[in-house]
Amino acid sequence: MTNLVSVPDPSAPTRAGDPLLEVTDLSVTFPQRGGPDVNAVRGISYRVHKGEFLGIVGESGSGKSVSSLALMGLLPSSARVTGSIRFGGRSLLDLNDRQLSGIRGREISMIFQDPLSALTPVYTVGDQIAEALLLHDFALGKRAAQARAVELLKVVGIPAPERRAKAFPHEFSGGMRQRAMIAMAIANDPQLIIADEPTTALDVTIQAQILEVLEKAKDLTGAAVVLITHDLGVVAGHADRIAVMYAGKLVENGTTTEVFAEPHMPYTIGLLRSVPNMQSAGTERLVPLEGRPPSLTALPRGCPFAARCPIAIDVCRETEPGLLVHGVAVPNELALQLPGPARVDPALAGPTLADLLEVEHVAACHRSDEIASGLLTRADVFPRPAPLAVRHSEALAAAEPVLSVTGLVRHFPLTKGGVFSRQIGTVRAVDGVSFSIQAGQTLGLVGESGCGKSTTILEILEMTRPQAGRILIDGKDVAGLGRAELLRLRKDVQIVFQDPMAALDPRLPIGDIIGEPLTVHGVKPDARRGRVAELLDLVGLDPQMADRYPHEFSGGQRQRIGIARALATNPRLVVLDEPVSALDVSIQAGVINLLEDLKEKLNLSYLFVAHDLAIVRQIADTVAVMYLGRIVEYGPVAEVFARPRHPYTQALISAAPIPDPVIERSRKRVLLEGDLPSPTEQIDGCNFRSRCPLYTLLADSDQALCATVDPVLRAHGQVETACHHVERNDLAISASLAGREDELAP
Amino acid sequence: MSLLEETNTAGGTPVVTPAPGPAVPDVISGRTPLSRGRLIWRRLSGASRFWVGAIAIAAILLWAILGPLLYPYNATGRDPLNMGLGPTQLHWFGTNNIGQDLYAQTLVGLQKSIVIGLIAGPLGTLIAAVVGSVAGYMGGVVDRVLVWCINLLLVLPSFILLVILSPLFRGLSWVFLTIFIAGFSWMIMAQVVRSQTRSLRDRDFVKAARYMGVPIPTILGRHIIPNVASLLIIDATLGVVASILAETGLSYFGFGIRAPDVSLGTLLAEGTSAAVTRPWLFVFPAGVLILTLFAVSLIGDALRDAVDPTSGVNRD
């Protein structure tokens, strides 16, 4: 613990003096046998100062992870790395592996995306943290190392650290594993922590916790943090500076406020505009950023973003722009009179480029000056699509529900023993869920992973008699239906899956994939082909592509194919199982817009399962929040998001990141403690009690009510909530706000 | 250049270039990525082993089919003037002690062995595919019964069973032998297909088909089998080798092909006793057998490496 306390450096980051990390013109190339080289990183330069928090943002395949692996010297030996990486006065690229090992883990440490594969399953978590300590500190005894490990686990907020240090990684939940990884990363008081998508695999509530821990770790050790992510919302609240990467290059670099308030590069503008915002979602349409990054093996001439850029001009397709300052201070006419090559050649700007990165907000775009000076506004670059003309859903709302679920139960027996298995418990995956969807309406089903969302929709789609409760589709009870009737009913209910790659059979051309539902209903091949062409057109794909295979399409296109298949039989209800969470942020908006269009055009109903609240707010009419197999809050989406009544809904909403640094830093937050309890546990009373921020603030008599009586859904205005103390719910918000201020005070 | 022009003509008012690009959803740019089939073919055609094996097996097949037509002697006729003679210009592989021409016999034996191998290998794979995918997909009781059958057949020593049963098909043709060999060669592959199917069953595209109401046989035929096809092709290829070996082994011990039919196994059985004194009786059939098996194995091996890049030599 001594180390942790001895380096208290919570002072604001200063950009004076020598940088801690200086990356200059770093390029990484992977030679391919019998093919063109893959140019993963193409000459990036940036600096990180002591105690600074840098966010590197980019789509998958933009080279952000490769560049950080190059820092650690962890690239495969076949990779060609050029440029220079200076860390604390040493050039990392000139060190051999042995010397690098002395730096890795002690001075630079890394947190990986998948905490399960980053921990060895055969050693206890405590041993692994102790190992990290002993590797770099030979004077430390085994006992002392173990004691430090326990302390570190306590620092990162793992309850009962003494006991937990002796546990194995598989006994930890995802969030706890990531905490253990952070503990390991800060074990040797590193000067630099690199976190590569540390929260991507986690739920929003856990993500919020992990980001807090990361911030705390940074404050404790005084280390600089490089956070690599694809989610602008994640960096908005925490990063000091943001670097945007595209096709292996830095395209924009500046302070967080600058980049968010005045982005100069059209790509950044597109990213910012495409993210659904919790504040405005549902009121206006999303701005799509179509297309996909160019292949790193065959980069086009000129700006790599030109093909997707709505304001691309001829020069963009000719020369690639370099990183330059584009401030309002430079008069437009003057800037244009500068000779062309001098403005775009990074070699000429060489010595000054690094200095520019020091303080300035730089962007790589030929038209950045126009953007910076206000000649081109954000809305000019990426105009918002016109709103939908018709909204006829109200007229039909009176009709009978397309889907109605009452008291649905699905318990799985937990057995032990091979031959003579006996039941030792029950997994209450779905424990009495009721909801209904009217024609033309969208129900958003929200909750953390493991709350029973997926089991619920699988129960509906299986169309077998549920263990308890009733499922009515078009008013027909699925339990009592014969084979032929079931087949007819299956026409009306279709599903779109989360992972667009897994959902399409790689062996079939997409025409056959989309036409598959039709084969079941005996549609003739000719009619099928016509319908497939029609569907491809409907989802915005070229009907000529019907004979191509799924792997030839990008993620967004594959999801469109999945949607086309779901629409083939003219269903009335489409179940959307996290349809955009596997896609890059820039692609999500396009798919969401398509879903909204289709809903209006075809009068569809959606059951939209998601954990991203901003997207649910954007598309849903009604929202149901699930926790441990129960619905805890159910009501119109605007009402639930504006005034969440259940403490769990409050926590979910406040955990969702907002891609705006000003709002993000001044928000009221309700942070949840711990993880979702195991659904095998039998909890008396309210099952949210163990994590409830409100529960801890209640008087004993009120707590007793929570501990003994299981709350049922009760109407509070338009919203139904399963909580005994709805009228007290503002308590938790104000308390957490006070707690935050206390933290910030010293 | 155009930057200057455009801004100047606009004269400082906000310029918005009409956006033609993003209105059209992203069209596949650049080279189309290689399809899986073409990728496998590229890896396969890059392996010299494959070409050696393919050319060798093509030559052997041609030889086995055309060879007897271009040769004056047949397999059963005797040449009383040249009994027990070594290779000569007249009898290329020599003759046996009753004057039968060994070259003609070897070719006929080769034909039979190859035919049995080509039928029994793929037949075993077919059984494996059907049983494995049904067991894996259906699960439950069906799975348990089929796995029980597989395990039973695995523990039964097939060779001894064949020996015991051989009097039963003494009078029957080689077709029954082929079926018998196939019937005892599918179990391991069925296990592999079953486990693959179990993981495929939980993939979303199979779930999607199920929720559409696609009948089970169609799901198996359209989604499951094609996705394990690469495994099956390899198994069928290597199954040819195993079946030829099984056939020659049985025939060698006198339980497989019987006179007057000839196969490489019966030729070897006759030749072994004279291997020291009249080596040609043994060396030529054995050489042809080894060559054939080697060629098919090379193809099967190259195929496996091409389909599964993580196996064998390609691992790095």
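Guide: Helices (H or I, at least four residues) and strands (E, at least two) are taken here as DSSP runs, numbered from the N terminus. This is a predicted model, in which local features need pLDDT of at least 70 and side-chain atom pairs count only at pLDDT 80 or more, while totals for chains, interfaces and linings use all residues. Residues are numbered from 1 along each chain as its sequence is written, and chains are lettered from A and ligands numbered from 1 in the order in which they are written.

With those conventions, Ala247(A) sits in the loop that links β9 (241–246) to β10 (249–255) of chain A. Its phi is near 50°, a positive value in a residue that is not glycine; most residues other than glycine have a negative phi. A residue is called buried if 20 or more other C-beta atoms, placed from the backbone, lie within 10 Å of its own, exposed if 12 or fewer do, and partly exposed in between. Ala247(A) counts as buried because it has 25 C-beta neighbours inside 10 Å. Asn570(A), also not a glycine, has a positive phi of about 55° and lies in the loop between α24 and β19 (573–577) of chain A, but Asn570(A) is exposed, since 12 other C-beta atoms are within 10 Å.

Helix α24 (residues 555–567) of chain A holds Ile563(A), which is buried because 24 C-beta neighbours fall inside 10 Å. Two residues are in contact if their C-beta atoms, placed from the backbone, lie within 7 Å, and, with neighbours within four places in sequence left aside, Ile563(A) contacts Val496(A), Val539(A) and Leu594(A). By C-alpha atoms, Ile563(A) is separated by 47 Å from Ala160(A), a residue 403 places from it along the chain.

Chain A as a whole has 31 helices and 24 strands, and 50% of its 746 residues are buried. Among its contacts with a separation of 6 or more, 72% join residues 24 or more positions apart. Helix α28 (residues 647–655) of chain A is largely enclosed by the rest of the structure, because 9 of its 9 residues are buried; Tyr648(A), Leu652(A) and Ser654(A) are among them.

A nonpolar core is a set of buried Ala, Val, Leu, Ile, Met, Phe, Trp, Tyr and Cys residues joined through C-beta atoms within 7 Å. The largest such core has 261 residues, and those touching the most other members include Ile129(A), Ile182(A) and Leu192(A). Not counting residues up to four places away in sequence, Leu192(A) touches residues that include Leu20(A), Val48(A), Glu107(A) and Val226(A).

Ile182(A) also belongs to a helix pair, being one of the residues of α8(A) that meet α9(A), where the partners include Ile206(A), Val213(A) and Ala217(A). Axes are lines fitted to C-alpha atoms, for helices over the stretch in contact, with angles from 0 to 180 degrees between N-to-C directions. The axes of α8 (residues 174–185) and α9 (residues 204–221) of chain A come within 10 Å and cross at roughly 10°. Helix α8(A) is therefore roughly parallel to α9(A), given that angles under 35 degrees count as roughly parallel, over 145 as roughly antiparallel, 65 to 115 as roughly perpendicular and the rest as oblique.
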